[in-house]
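Visitor: I am new to this structure. Could you show it to me and talk me through some of its parts?

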Amino acid sequence: MTRTTTGTYQAEARYALFSGRVAKQRARAHSESAARTALVQKLQDLKGSDVGDGELTGQKSITELATFWLKEKEVDNNVSANSLRAYRSVVNNQVLPAIGQRRIADCRTSVIDRVIKDRAATGADVTKLRNALHQMFGVAVRHDAIPANPVKEVARISRPRREITYLDFEQVNEVRALIDTEMNRKRPGPRMTADLRDIVDVMLATGCRIGEAAGFIYPEIDLSSQTPTLTVSGTIVTETGKGTFRQPWTKSDAGYRTLFLPPFAVDILMRRMVDSPANKNGAVFTTRNGTWRQVSNWERLWNRVVDDTAYDWVTFHTFRKSVATLIDQTVDSKAAQAQLGHANEDITLEHYIHKAKVAPDLTDYLERFRPPTTPAS
């Protein structure tokens, strides 16, 4: 710190540019503290300008961070089109309206904590929001824009545990009867095919997601061996500009799996293999034109079956939960995890298995509390 001939104070510092060149920076003011503050601000501004347009600094806005993060996701081959669409939705509808104009450096943990809690207060699930923010600020840390991820210390929002709904054997047969009724209903146009009944039965035989079942292909089904199998290796997706197609990978790495088929599923697949016309995709389920059928189309068919019935709460995912619950009751949750293709057993337990925790058999020990026999008077 020096004082100039005009009576002002001059603060100086050396600043190393990104290129490695060291430049002297100066700032003047009428007091030492003001000069020091001006110099710090000048250095901060210099740091923000001494980078390429594609680099992140703490001075960039959350909108710019989100754009940077989404561009990384677009070139990541492990991110599906549906996931990318979900990320964009969270950014555009939740992140940017709340903090889009804030600087990265200004988003401390308290700020992110408020964003997430405000969203939770509306009754919405904040899981996707928290995940998106955690990944975004992780990118900011990786690019040295901030020293630590502010999302890590945000308080967890406790959610009330939801009852897991599933179908027992009697209910499954009642739902099958509803499908048969809809199939036989007289209406204008072509008669409803057995596709919906078959795909529901195959889902019950495998525990697969509707997108996975809709994407089954015969080259990955072995019905001739002593233990028939089916390999789950893809799922049906629909993208704007690309239409509906089979994505050659599953929702997660754990979703790529080979499943043993029960005899009733073998019968269904064998019948379809013989009776259905061949198609260029080798697909088990197609439209009348031999093309892939959209998941939303399957869902519309399903709604026609259950709307205004006692089973209007049943979705395709209910069948998946029913399979998980049956396997857990007859084998264990680890087997259910493998069948459903979950990477983590906790996911299966928390979201798919209808189960009360069973305590160990301690009756021999508890019997010691038996009251003494009162002698007869």
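**Helix packing and the chain**

Guide: Helix H11 (residues 316-330) and helix H12 (residues 333-340) pack at an angle of about 145°, with their axes 7 Å apart. Axes are lines fitted to C-alpha atoms, for helices over the stretch in contact, and angles run from 0 to 180 degrees between N-to-C directions. Helices (H or I, at least four residues) are DSSP runs, as are strands (E, at least two), numbered from the N terminus. This is a predicted model, in which local features need pLDDT of at least 70, side-chain atom pairs count only at pLDDT 80 or more, and totals for chains, interfaces and linings use all residues. Residues are numbered from 1 along each chain as its sequence is written, and side-chain values use heavy atoms, with hydrogens and water left out.

Visitor: Which residues of H11 and H12 make the contact?

Guide: H11 contributes Arg 320, Val 323, Ala 324, Ile 327 and Asp 328, while H12 contributes Ser 333, Ala 335, Ala 336, Gln 339 and Leu 340. Contact means heavy atoms within 4.5 Å.

Visitor: Now H4: which of its residues are buried?

Guide: They are Val 111, Ile 112, Asp 113, Val 115, Ile 116 and Ala 120. Buried means under 20% relative accessible area, with a 1.4 Å probe and protein chains only.

Visitor: What do they pack against?

Guide: The buried residues of H4 pack against helix H3 (81-99) and helix H5 (127-142).

Visitor: And the whole chain, how many helices and strands?

Guide: The chain has 14 helices and eight strands. Of its 377 residues, 41% count as buried. Its C-alpha trace spans about 100 × 90 × 40 Å along the principal axes.

Note on methods:
Buried < 20%, exposed > 50% of the residue type's maximum accessible area, 1.4 Å probe, protein only.
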